[in-house]
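Here is a short briefing on selected side chains in one protein model. Please read it alongside the coordinates.

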Amino acid sequence: MKTIRYPEKNTWETLLQRPSNDYKKLDETVSIVIEDIRLNGDAAIKKYTLQYDKVSVQDICVSLNEINTAEKKIDAKLKQAIRIAASNIKKFHKAQKQKELVISTMHGVVCRQKSIPIDKVGLYIPGGSAPLFSTVLMLAIPAQIAGCKEIILCTPPSADGSIHPAILYAAKITGVKKVFKAGGIQAIAAMAYGTESIPAVYKIFGPGNQYVTAAKQILSRYKVAIDMPAGPSEVAVMADNSAVPAFVAADLLSQAEHGADSQVILVSTSEKFIEKVNIEMEKQVLLLSRKEIAIKALENSKAILVKNEKEMLELIQRYAPEHLIISTKNHRKIARMITNAGSVFLGNFTPESAGDYASGTNHTLPTNGWARSFSGVNLDSYYKKITFQEITQTGLDKIGPIIELMATAEELTAHANAVKIRRQFKKKDNTL
């Protein structure tokens, strides 16, 4: 991991750039597949599954028998771990539920806001290079709590045409019954338009590679809502001499192993600490099952030495990481000042992988700097907010002149008249 010492602020923007793609070429490729799925449905899904996943799939739908059989293939300890993680995620997201808001803004004027679950949602679960069954828990549990009527799940099949048993088990315990063997662009397009097998949904959730992200963003322009722009994973670590180099190295590698296009950033006020972390990473990376991927990702990664804590905080705020680990003496004080991050992990004993799996927070988070303006997936992600208002005749007599004055000032006389005609109404004889 390359070390940058005391960079000038005017170089930060360049320094903090994520790995770039040729978005024009990417969008062209993705758009061709989307249009093919729109026109040709299941046949196109099977064609691209063979082309991209190297799997010939006869039946896109996963049967209930496949789901039930999958449970028998999972170790009892893993099943227990999944259930405990699910319980923690459920507790945290259930606590986010809000009561209906009812406010009387003036005498005779009542306004309400009600959370209505989105009827149909689609969950995308990456499964190509790593079967992310934890993402099933993160997406399906809040959908169930919110009360979404239809929840469908798409995930790419493995080489033998099956779905990883842990993904199917996670789907079963979260109540997801409609599971489909489709990944990548074709899955996103199918959930947006619908095919012979896969129902169309109103909102799509889930992380993915650059193709999945591009498909979501293209389709969000005119066809379907999405959770957020969520691309390659990333982590930033703020650390001083109170941090443990082995811990920080492990955290950086835990993100680097996600994919070659992942990025990890270490920001510290101590050059000696950075050197120790690099030594630890060299040792630990050799023990990883995905070491080639991690090593490739580290080419996009940096250790940045800064002058003081204030500069460290300012640089991190500008980067707006998906995951932020604060391993400093005063981590709670620094955390109170953080405004741009997807999810924050405090102290030496809070690894980022806790949030990825079992602490209870959601791991579907904004990447690529979108944490400046997007939240991670939460219970509200599965709701739409509808407002209601009811005004009595007395209330309209009070608020009416205000509305008429404002509407007239905007030269919208029909708006003003909609109030005026009601105020002139005589209740006794139903006349104007």
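The model is predicted. It holds 4 aromatic pairs, and two of them are described here.

**Aromatic pairs**
- Phe205 and Tyr382 are stacked, because their ring centres lie 4.1 Å apart and their planes meet at 5 degrees.
- This pair joins distant parts of the chain, 177 residues apart: Phe205 sits in strand β7, Tyr382 in the loop between α14 and β14.
- Phe205 is buried at 0% relative accessible area. Tyr382 is buried too, also with a value of 0%.
- Phe247 and Phe349 form an edge-to-face pair, with centres 5.6 Å apart and planes at 70 degrees.
- Here 102 residues separate the partners: Phe247 belongs to helix α9, Phe349 to the loop between β13 and α14.
- Phe247 is partly exposed at 33% relative accessibility. Phe349 is exposed, with a relative accessible area of 72%.

**Charges over rings**
- Arg18 lies over the face of Tyr319, 3.8 Å from the ring centre.
- Arg112 lies over the face of Phe388, 4.6 Å from the ring centre.

**Lys203**
- Lys203 is in strand β7.
- Lys203 is buried but has no salt bridge. Asp227 is the nearest side chain of opposite charge, 7.3 Å away.
- A polar side-chain atom of Lys203 lies 2.8 Å from the backbone oxygen of Ser381.
- Beyond four places in sequence, Lys203 contacts include Ile118, Lys120, Asp227 and Ser381.

**Val235**
- Val235 lies in strand β9 and is buried at 0% relative accessible area.
- Beyond four places in sequence, its contacts include Asp251, Leu252, His323 and Ile325.

Methods
Residues numbered from 1 in each chain as written. Predicted model: local features only at pLDDT ≥ 70, side-chain atom pairs only at ≥ 80, totals over all residues. Heavy atoms only, no water. Helix = DSSP H or I, 4+ residues; strand = E, 2+ residues; numbered from the N terminus. Buried < 20%, exposed > 50% of the residue type's maximum accessible area, 1.4 Å probe, protein only. Contact = heavy atoms within 4.5 Å. Lys, Arg positive; Asp, Glu negative; His and termini not counted. Salt bridge = Lys/Arg side-chain N within 4 Å of Asp/Glu carboxyl O. Polar contact = N/O pair within 3.5 Å; in protein donor to acceptor, adjacent residues only side chain to side chain. Phe/Tyr/Trp six-rings, centres within 6.5 Å; stacked < 30°, edge-to-face > 60°. Lys NZ or Arg CZ within 6 Å of the ring centre and 35° of its normal.
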